[in-house]
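Student: Could you take me closely through the nonpolar core of this model, and then through the residues set around it? I would like the cut-offs spelled out as you go.

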Amino acid sequence: LRASLTIEGEAAEGLSEEVSLCLYRVLQEALANSQKHAQATNVQVHFCINNGCATLSIRDDGRGFIIPDSLGELARRGHFGLVGMAERVAWAGGELDIRSRPGSGTDVIVRLPLETERPADGEKTTN
């Protein structure tokens, strides 16, 4: 598996541990999926920080797959990687976009706000 990395935008020194860990784990899972399931030979990773948002894009040239209507369907089949990605990104207040189709590779795109407003552990909120 050959990987290329492009970084652009603002300095990444201010990333919180929460955002950094989320991005790291998503990248880790996407690279593992590209090699193990997609049988990809090339992966392009693009990372950008701009306007208070971190965007991570991972594109592989693997075999692709049909994305089910619900990621829960993958979990029922014993495939937890994408579900874990989605839960991790949602918990960090971000968005996950997965694009794929058979024969066309897969794109995983994560957008995370650099600052999240979430209650402290145990704190209740009302809407």
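Tutor: What follows treats the core, then the cysteines, and then two further residues. This is a predicted model, in which local features need pLDDT of at least 70 and side-chain atom pairs count only at pLDDT 80 or more, while totals for chains, interfaces and linings use all residues. Residues are numbered from 1 along each chain as its sequence is written, and side-chain values use heavy atoms, with hydrogens and water left out.

A nonpolar core is here a set of buried Ala, Val, Leu, Ile, Met, Phe, Trp, Tyr and Cys residues joined through side-chain atoms within 4.5 Å, where buried means under 20% relative accessible area, exposed means over 50%, and partly exposed lies in between (1.4 Å probe, protein chains only). The largest such core has 22 residues, and the members that touch the most others are L23, V26, F47, L56, I58, V110 and L112. At least two residues of this core come from each of α1 (17-36), β2 (42-50), β3 (53-60), α3 (81-91) and β5 (106-113), and α1 gives the most, with 5 residues; helices (H or I, at least four residues) and strands (E, at least two) are DSSP runs, numbered from the N terminus. If contact is taken as heavy atoms within 4.5 Å, V26 touches L56, I58, M85, V89, V108 and V110, not counting residues up to four places away in sequence. In soluble globular proteins, nonpolar side chains tend to be buried together.

As for the cysteines, the structure holds 0 disulfides, a disulfide being a pair of cysteine sulfur atoms within 2.5 Å. C48 is in no disulfide, and the nearest cysteine sulfur, that of C53, is 8.5 Å away, which is too far for a bond. C48 is buried, with a relative accessible area of 14%, whereas C53 is partly exposed at 24%.

F65, by comparison, lies in the loop between β3 and α2 (71-76) and counts as partly exposed, at 25% relative accessibility. Leaving aside its neighbours within four places in sequence, F65 is in contact with L82, I98, S100, R101, P102 and T106. The C-alpha atoms of F65 and R99 are separated by 9.1 Å, although the two residues are 34 residues apart along the chain.
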